[in-house]
Amino acid sequence: MDEIVAEYIRRTVLKIPRDQIRTMLQQWGFLSEAQLQAINFCQIKDSISQDVVQLCEQFLFFLDNYIYSNKRLWSVYQMNKRGEETDFFDLTDFKKKFKRRLQSALTNVTINFREYEDNAIWIRIAWGTPYTKPNQYKTSYVVYHSQTPYVFISVSVLKSNLPLLCQALVAASNYHDIREMELRSHYLNSLKDIVFKSYSQNFQSYYPKPLQERNVAPENLMIIQENKNEKERIKRVNSEVFGDGPQPKLEFAQYKLETIFKSDPQMNVLNRKVPFRCLVKFSSPHLLESLKSLAPEGMADAPVSPLLTCFVNP
Amino acid sequence: AGISRIFDKVPLSLLQTYLVGSDEGLQQQLAEAILREKKSFRINIHLATSLPLPSERDHLRPRIDLIAFMIDIKSKYSLRNVEASLAYVDASFFLGKVCFLVTGVGRMKYCSVEMSAICKLREVYSSPVLFCELELEGIRVATAQRLLRMLEICAGFIPGVSALYFGSLMSSSANY
């Protein structure tokens, strides 16, 4: 929301007599009863009007997410601290420093914040140029979990603003630097699951196999599975690595690999063992689910190579 | 238990086919297609991912009439799997009782196994190669019928035609 508009709302609400504010909001009928109850009408008027502005901002975030849910491409960044200092996280300080950094570099930029229950701070940024107003249609979003060094960024089109955005984040959060983590997806929650390792990890436990009535169709008695034990081993090993639940939805991933070319020694290719450096890129509608099905579908040995399972535990 | 000999013309009425390959789903589908065909003999179809077969079941193996190795042209892994398994097949089987089923040729963009590798298999092991898109039902049915004919010959059901004769017939017709 435009700061001028937000300021207008704030000042106008201040002009309304305190006992009329609630009635006015009820008349408007836009806010739910629950939201109305969340506003403390006994506090000073300045705070009440701030609350109203915040509610309008909430609608802005809500609207953006409603339209663009799962259409934004999120990247993960990790911030590093110089030493071991654990500063207490001050939200107001963070917002102030972030805004100051961005606005000192760019005059035309709109910044809105929203805090969520899971310690996540969402930042909405509309970028402008010295000659144009901020474009509200192509916004960047940042999700920062203050208890972690991870930041999720959806840049949209204006990649040239990314370095400035990163600088502002690092300065505001008292970190030293920031680096991109080579994981990308349209599904923010899946990225969070991978990075925060909160999806189901399979722990060793004994499940007694239930006795089943074998209602086998007569046709199937003539088809004999020779490798039943092996198939069960593959399932078990796969479960240990990937867990049993649904995989987080990862779409792009990449890593740098240093390796040595292996060839027949008689072929005399590359006499000196100089390592190759390469970039390995993965792209899939559902990368982790594909990797999980490699062994059961007979496309790879189980356990699957750690070059492929590194995404499960980055 | 019966002993499988190439020119044994006294057929036992229960024939044993082995499908060896890494794609279990496709094996299962082909096996079901074979069972659906009309035949005058009983048949057991064994599905294996690779050879050698697990030794626990050795006592239940009276005879092996036909071995069909399944290769997916989109998967180098499936080719390597078959090549490794071939080492465990007794030489006598290569006189007509082995064939290769190659799937996936319909999608050239995804081929990672070269034709030269397939041709080499055919030459080295003197066994026929059938190219079949097993994912398509019509081709699956046709392949099932062909395998059943081969099985009949290999088991000695067709008088005057031995597995070796049929095998050499298939190979010479392939060299056009």
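A residue is called buried when its relative accessible area is under 20%, exposed when it is over 50%, and partly exposed in between (1.4 Å probe, protein chains only). This is a predicted model, in which local features need pLDDT of at least 70 and side-chain atom pairs count only at pLDDT 80 or more, while totals for chains, interfaces and linings use all residues. Residues are numbered from 1 along each chain as its sequence is written, chains are lettered from A and ligands numbered from 1 in the order in which they are written, and side-chain values use heavy atoms, leaving out hydrogens and water.

**Helix α1 of chain A**

Helices (H or I, at least four residues) and strands (E, at least two) are DSSP runs, numbered from the N terminus. In α1(A), the buried residues are A:Ala6, A:Ile9, A:Arg10 and A:Val13. Viewed down the axis of α1(A), they fall within an arc of 95 degrees (taken from the directions from the axis to the C-beta atoms), so they line one face of the helix. That buried set packs against α2 (18-28) and α4 (45-68) of chain A, where contact means heavy atoms within 4.5 Å. On the face turned away sit the exposed residues A:Ile4, A:Tyr8, A:Arg11 and A:Lys15.

**Salt bridges**

A salt bridge here is a side-chain nitrogen of Lys or Arg within 4 Å of a carboxyl oxygen of Asp or Glu. The whole structure has 16 of them over all chains, including these:

| Pair | N to O distance |
|---|---|
| A:Arg10 and A:Glu7 | 2.9 Å |
| A:Asp46 and A:Arg10 | 2.9 Å |
| A:Asp118 and A:Lys192 | 3.9 Å |
| B:Glu24 and A:Lys231 | 3.8 Å |

A:Arg10 and A:Glu7 are three residues apart in helix α1 of chain A, which means that about one helical turn separates them. Is A:Lys192 buried or exposed? A:Lys192 is buried, with a relative accessible area of 10%, whereas A:Asp118 is partly exposed at 43%. Through shared partners, salt bridges join A:Glu7, A:Arg10, A:Arg11 and A:Asp46 into one network.

**Where chains A and B meet**

Chain A gives 15 residues to the contact and chain B gives 23. The area buried between them is about 1700 Å², with 46% from carbon and sulfur atoms; buried area is the accessible area (1.4 Å probe) that two parts lose on being put together, summed over both. In chain A, A:Ile223, A:Ile224 and A:Glu226 lose the most area to chain B, together 36% of what that side buries. One salt bridge is found across this interface.
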